[in-house]
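I opened this notebook to record what I looked up in the structure.

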Amino acid sequence: MENTQTKKKFQMPSAYTVLFIIIAFIAILTWFIPAGQYKVDDAGNILAGTYERVAQNPQGFYDVMMAPVLGMLGSDTTDPAISISFFILIVGGFLGIVNKTGALDAGIGSIVKRFKGREKNLIFILLPIFALGGSTYGMAEETIPFYSLLIPVMMAVGFDSIVAVSIVLIGSQVGCLASTVNPFATGVASDAVGISMADGMLLRLIMWVVLVGISIAYVYRYAAKIEKDPTKSIVYSQREEDAKHFDIEAISRQEGVTKKQRNVNILFILTFFLMILSLIPWEEFGINIFANFTKWLSGLPGLGMVLGKDMLPFGQWYFPEITMLFLLMSIIVAIVYGFKESDFISEFLTGASDLIGVAIVVAVARGIQVVMNNGMITDTILNWGEKGLSGLSSIIFIILTFIFYIPMSFLIPSTSGLAAATMGIIGPMGEFAGVGKDLVITAYQSASGLVNLITPTSAIVMGAVAIARIDIGKWWKYITKLIAILFVAICILLAIGTML
């Protein structure tokens, strides 16, 4: 009898399974990597030369299962992810309300018609905008809402979800890679070593232009390839399913934008504009207009009390405040469009439920840091780097510093957290190799931005692929060549930096 049984093709596990495997692997490492810790100053910065071994604290099955829980709620050693997760749920509710009005579909349909025959030009326009956000204020988790907006646009003009994710994720993270005045990367690191953010600015501007240019070329080439032959898409097998999920047909059915829909789209754009405006640290640049206005407004008799005495000015907002913004704008959109209260609640909860998987992924990813920190192996790995980088020539030192920060960025995906944990040690070491502290900072943020294009420990990456319904393995397959190109380009630019 002929055996008709065919071999099953390997299927990449879901994001949740991949993350649990990594958590378990890190837990195993805590049994073999020596536990240790550095002493810290009053500001929490690590003091060089103070590393010491401590009692081993290996993580077991219970710790692995608790990791996602503590990732969401936080622990003594790890910040909670709940502020990001709740932000994602509220954004989902906001998008649910906006989508119910049909305003986005109508607006996207208008864009598709306007760029007919010039679809790839969107890449040249949008990717640098996200790169500018990454470079100036560290645009990261704030990009989550843009995926639901851009994926239908890119699919409607003949591309795929990979192109949409590339524009946002590659744009923002290559921007972070070449941070210029990013307070969460360049700012924290510069403060840790006692220099100005302006030090090293010329090289970072050059890097921004070169690396963003490389990224645009890479995404454009892929987009052109699948526009010519859609079967070349890495996610072609799920294109029909994605088209239904993102309701691409609804875009083609749109005949025009009504007055109500136009008003909703104005509020939609205003929401994101206010979010970006609120996150830029204006006072860091000597701009106090928002702080002064908020102080004046909250000090007004009567009105100040009604609005709230504890209002924060733009520039001091973070996840709690922008979450409030999306909740408020959801209510305003519902009122403008004429929703009934019951319909508003129903659509808001439906929208939030669409992103609940993304919110949970963020917490599970944070669980990796929980196990690593509780196992007390982070400082040990940092100490290995401290010993390995001493006594090298300037070019070798800066390239090895960049390479050292690659695994460190995997272990600590937060740019500000990584800077605070390591820069006090690695920064001064460069002086012994004739490398300025500003170049060490450039190497650190280059590694952090590069890793945050692929690492499953990052809410940015896992949130993006979850919304786009892309297997993490397919994303890695797509971006591997770009990572290699960027890696070589960064090493060359850092070597040139030692000569400037």
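Entry 1, overall make-up. I looked up the secondary structure of this predicted model and found 23 helices and 2 strands. Of the 500 residues of the protein, 53% count as buried.

I asked how the axes of helix H12 (residues 259-279) and helix H15 (residues 319-337) cross. The two axes come within 10 Å and cross at roughly 165°. Angles over 145 degrees count as roughly antiparallel, so H12 is roughly antiparallel to H15. I recorded the crossing of H12 and H15 as right-handed. On the H12 side the contact includes Leu267, Leu270, Phe272 and Met275, and on the H15 side it includes Leu325, Phe326, Met329 and Tyr337. I classed the residues of this contact as 15 nonpolar, 4 polar and 1 charged.

I next examined helix H3 (residues 82-101) and helix H17 (residues 356-374), which pack at an angle of about 170° with their axes 8 Å apart. That angle makes H3 roughly antiparallel to H17. H3 contributes Ile84, Ser85, Ile88 and Leu89 to the contact, while H17 contributes Ile356, Val358, Ala359, Val362, Ala363 and Arg366. I divided the residues of the contact of H3 with H17 into 8 nonpolar, 1 polar and 1 charged.

Terms used. Residues numbered from 1 in each chain as written. Predicted model: local features only at pLDDT ≥ 70, side-chain atom pairs only at ≥ 80, totals over all residues. Heavy atoms only, no water. Axes fitted to C-alpha atoms, helices over the stretch in contact; angles between N-to-C directions. Helix = DSSP H or I, 4+ residues; strand = E, 2+ residues; numbered from the N terminus. Parallel < 35°, antiparallel > 145°, perpendicular 65-115°, else oblique. Left-handed = near helix turned anticlockwise from the far one by under 90°. Contact = heavy atoms within 4.5 Å. Nonpolar A, V, L, I, M, F, W, Y, C, P; charged D, E, K, R; others polar. Buried < 20%, exposed > 50% of the residue type's maximum accessible area, 1.4 Å probe, protein only.
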